[in-house]
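Have the structure open while you read.

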Amino acid sequence: MSDRNLDAAPGSPPPEHVASPRGQSPLTSEAGTPAAARRQKIALIAHDNRKTDLLEWARYNRLSLKAHDLLATGTTGKLVADELDLPVRRVESGPLGGDLQIGAMIAEGAIDMLVFFWDPLEPQPHDPDVKALLRVAVVWNIPIACNRATADFLISSPLMNAGYERATRHYGPAMRPKAAPADGRS
């Protein structure tokens, strides 16, 4: 199988050389120097029937996860913290608003990656919240893993520790809050 990008126009650079919105590679700063590695803020969520899968994945990747800041919904956070003996910031349980809290943090730029092992075969009482969380993660262009295979690819990616700068310009100025008038009226 060829390593050629079939979606790219003939003669275009390979995907790893595609520029970010500011014209630089996601692996370089605006000055063109290598971007500094930083701790990623990783949100962990798992529905009840998927908690075992998430715990197995987290246990296997404990050393990688230790290098980052972890956040999770209620029960998932407690299980991960107890199992891995790592600090995990916890928000409410998903059905009690935790998914929405994490969605708000994504919109504020406080989450870099979402590992969300949701259960596609079991209806959830908070399905609208789940859909809203996944939507906001896509809108703000953060990496999302909904199964172990994708989570494995993300956690082992060289971009995890490379100071990756994600593009968010595709929604334009409509994504930014409007400035209040100078006289303070709204």
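Two strands count as paired if DSSP finds at least two bridges between them. The elements themselves are DSSP runs numbered from the N terminus, with helices being H or I of at least four residues and strands being E of at least two. Bear in mind that this is a predicted model, where local features need pLDDT of at least 70 and side-chain atom pairs count only at pLDDT 80 or more, while totals for chains, interfaces and linings use all residues. Residues are numbered from 1 along each chain as its sequence is written, and side-chain values use heavy atoms, with hydrogens and water left out.

In general, the strands of a sheet pair through backbone hydrogen bonds.

Strand 1 and strand 2 run parallel and are joined by 4 bridges; here Lys-41 sits opposite Asp-69 of strand 2. Strand 2 (residues 69-72) also runs parallel to strand 3, with 3 bridges between them.

**Helix pairs**

| Pair | Angle | Axis distance | Crossing |
|---|---|---|---|
| Helix 1 and helix 6 | about 25° | 11 Å | right-handed |
| Helix 1 and helix 3 | about 35° | 10 Å | right-handed |
| Helix 4 and helix 5 | roughly 15° | within 9 Å | left-handed |

On handedness, a crossing is left-handed if the near helix is turned anticlockwise from the far one by less than a right angle, and right-handed if clockwise. Angles under 35 degrees count as roughly parallel, over 145 as roughly antiparallel, 65 to 115 as roughly perpendicular and the rest as oblique.

Take helix 4 (residues 98-107) and helix 5: their axes cross at roughly 15°, which makes the two helices roughly parallel. Contact means heavy atoms within 4.5 Å. Helix 4 brings residues including Leu-100, Ile-102 and Ile-106, and helix 5 answers with Val-130, Leu-133 and Val-136, among others. By class, this contact has 9 nonpolar, 1 polar and 2 charged residues. For the classes, Ala, Val, Leu, Ile, Met, Phe, Trp, Tyr, Cys and Pro are nonpolar, Asp, Glu, Lys and Arg are charged, and the others, Gly among them, are polar.

Helix 1 (residues 51-60) has two partners in the table. Against helix 3 (residues 74-84), its contact residues include Leu-54, Leu-55 and Ala-58, which meet residues such as Leu-79 and Val-80. The tally for helix 1 with helix 3 is 6 nonpolar, 2 polar and 3 charged residues.

Helix 1 and helix 6 (residues 148-155) pack at about 25°, so they are roughly parallel to each other. Asp-53, Glu-56, Trp-57 and Tyr-60 of helix 1 meet Arg-148, Ala-151, Asp-152 and Ile-155 of helix 6. That contact has 4 nonpolar, no polar and 4 charged residues.

**A salt bridge between helices**

Where does Arg-148 come in again? Its side chain meets that of Glu-56 in a salt bridge (3.6 Å, N to O), a term that requires a side-chain nitrogen of Lys or Arg within 4 Å of a carboxyl oxygen of Asp or Glu. Arg-148 belongs to helix 6 and Glu-56 to helix 1, so the pair ties together parts that are 92 residues apart in sequence. The structure holds 7 salt bridges.

How values were computed
Axes fitted to C-alpha atoms, helices over the stretch in contact; angles between N-to-C directions.
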